[in-house]
Amino acid sequence: MCSDDDLIERALLSATVFKNEETLHPAFIPSKLPNRESQLIRLSHTFKPLLNDEGAYAVNVAVVGRPGTGKTASIKFFGRALEKVAAKRGTSGGVRFEYYDCFMFRTKSAILRDLLTERFKVTSRGFSDEEITSMLNKRLLRENTRLVLCLDEAYLLGQDLLSLIHSSEVANHGQAYISTLIACRTTDWQNSLSFPLSGRLNDRIEMPPYNEEELYQILKYRTELAFHGNIVPDDILRMVANIAAATKNARHGIEMLLWAGKAADRYNVRPITPEMIRRAKQEVFSELRSDVLYSLRYQELLVLAAVSRQLKLEMSQATTFLKVFESYQIICEEYGATKQAMPTFRKTIDALARLGIIGKVVESIGGGQRGRRARLTLMDIPVEIFDERVGEILRRRLAEDGEPEEK
Ligand SMILES: Nc1ncnc2c1ncn2[C@@H]1O[C@H](COP(=O)(O)OP(=O)(O)OP(=O)(O)O)[C@@H](O)[C@H]1O
Ligand SMILES: [Mg+2]
């Protein structure tokens with residue numbers, strides 16, 4: 001009989017359907033974005049003034065679209081290309097493109113501090129936001145470098161977004177070195193940004209939802225990058241495109257392919273079968289951006305784990321704050337994590353609600369009693385799936401860093 005070590009070794013070294021699994025992960029940016037060519041060209045025309053040697057002019061652009069329409073992929077792709085072209089021309093001090101996911105960096109202060117300290121390697125400790133902006137501007141002026149500050153999910157910044165854009169508006173003529181490229185979902189755009197940003201942008205670029213044929217082309221390309229030949233037959237690819245067409249979301253299709261590929265490896269089945277895709281359809285939820293969960297802080301993940309565990313226990317759609325607090329205490333013990341006291345715990349719940357990951361419904365207590373209380377809910381996906389994903393990320397974090405320091 002073989003030992004558990006042998007079992008693990010065999011599984012680790014077994015043949016895989018993937019040529020390059022990484023290319024299906026959210027952080028990967030492919031070297032081609034089929035069906036986004038016209039948006040990339042439009043972005044290039046709008047940002048042309050950055051390559052102008054006579055004076056620095058700010059360009060502020062928003063990219064808006066439904067989930068999974070390639071906003072994040074397109075802006076990162078464009079930013080990289082812009083830096084390269086500027087470097088090739090080599091006349092001015094070049095263009096620097098700095099990307100921030102506002103799920104992770106939630107205030108102007110956090111972004112400015114990170115920019116200066118981590119990206120420009122200048123200490124920002126003890127300086128105010130205004131001082132940091134001025135230091136940054138002086139540095140850019142001295143080096144004649146144009147900065148494109150890319151803010152993904154920019155609506156999370158609220159008023160801070162306006163004040164970031166404002167810094168370029170007040171610069172002297174020909175000395176506006178900071179441009180912004182923001183990305184945002186259509187609903188968040190309509191709810192929070194369309195009014196305050198009207199008249200302040202050079203362009204707003206729409207990412208139309210993908211139709212079935214476009215999804216097929218995108219998934220075909222992504223399959224060629226990720227899988228060995230003949231693993232995903234054409235009829236399977238058509239099937240995945242057809243399912244993803246219901247949400248018009250490319251992430252939906254890509255995650256189904258990843259899930260099915262993992263199942264093929266687990267059960268050693270080749271090629272991928274329609275049954276595997278049917279299973280993948282049940283396991284993958286286009287509403288859940290797993291990369292958002294990855295960007296959460298450790299304590300936020302613990303609180304989320306508590307909400308989902310409590311909902312699972314109660315087999316309910318909503319639960320109370322106190323019940324979640326009880327679950328949270330137990331989960332902290334299980335992970336050997338420091339427990340937040342009630343006021344800090346409340347703040348963490350509020351932060352998760354602001355990010356749209358949990359919902360707060362206020363209702364009256366009932367039973368003849370006066371008063372109202374908040375009930376907590378989760379995004380509209382099965383709680384088991386949520387619980388599993390959060391648990392997986394928590395365990396990985398713990399294995400990587402122990403209990404990570406909070407920023
Ligand atoms: N045209 C495309 N070609 C290849 N891959 C694409 C294309 N559009 C999107 N993708 C891929 O689909 C996935 C989702 O795209 P992306 O994250 O850019 O969507 P998004 O519009 O930012 O969505 P969200 O609003 O949920 O943040 C990513 O893995 C991305 O690489
Ligand atoms: Mg995105």
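Tutor: Gladly! Let's begin with helix 5 (residues 129-143): at 1.5 Å a residue its 15 residues should span 21 Å, and its end C-alpha atoms are 21 Å apart, which agrees. The expected span is 1.5 Å times one less than the number of residues. Helices (H or I, at least four residues) and strands (E, at least two) are DSSP runs, numbered from the N terminus. This is a predicted model, where local features need pLDDT of at least 70, side-chain atom pairs count only at pLDDT 80 or more, and totals for chains, interfaces and linings use all residues. Residues are numbered from 1 along each chain as its sequence is written, while chains are lettered from A and ligands numbered from 1 in the order in which they are written.

Student: Which residues of helix 5 are buried?

Tutor: A residue is buried if 20 or more other C-beta atoms lie within 10 Å of its own, exposed if 12 or fewer, and partly exposed in between, with C-beta atoms placed from the backbone. In helix 5, Ile132, Thr133, Leu136 and Leu140 are buried. They cover an arc of only 100 degrees around the axis, which puts them on the same side of helix 5; the arc is that of the directions from the helix axis to the C-beta atoms.

Student: Why do residues three or four places apart point the same way?

Tutor: An α-helix has 3.6 residues a turn, so such residues point the same way. On the face of helix 5 turned away from its buried side sit the exposed residues Glu130, Lys138 and Arg142. After helix 5 comes Asn144, with a positive phi near 55 degrees.

Student: What surrounds ligand 1?

Tutor: For a shell, count each residue whose C-beta atom, placed from the backbone, lies within 6 Å of the molecule. Here 21 residues surround ligand 1, the closest being Gly70, Lys71, Thr72, Ala73 and Ala250. Helix 3 (71-89), helix 8 (212-226) and helix 10 (250-267) are the elements that give two or more residues to this shell.

Student: Which domains contribute to the shell around ligand 1?

Tutor: Domain bounds come from an automatic or database domain assignment. Domain 1 (37-207) and domain 2 (210-283) each supply at least three residues of the shell around ligand 1. The chain also has domain 3 (296-401), and the C-alpha centres of domain 2 and domain 3 lie 33 Å apart.

Student: How many helices and strands does the chain have?

Tutor: The chain has 16 helices and eight strands.
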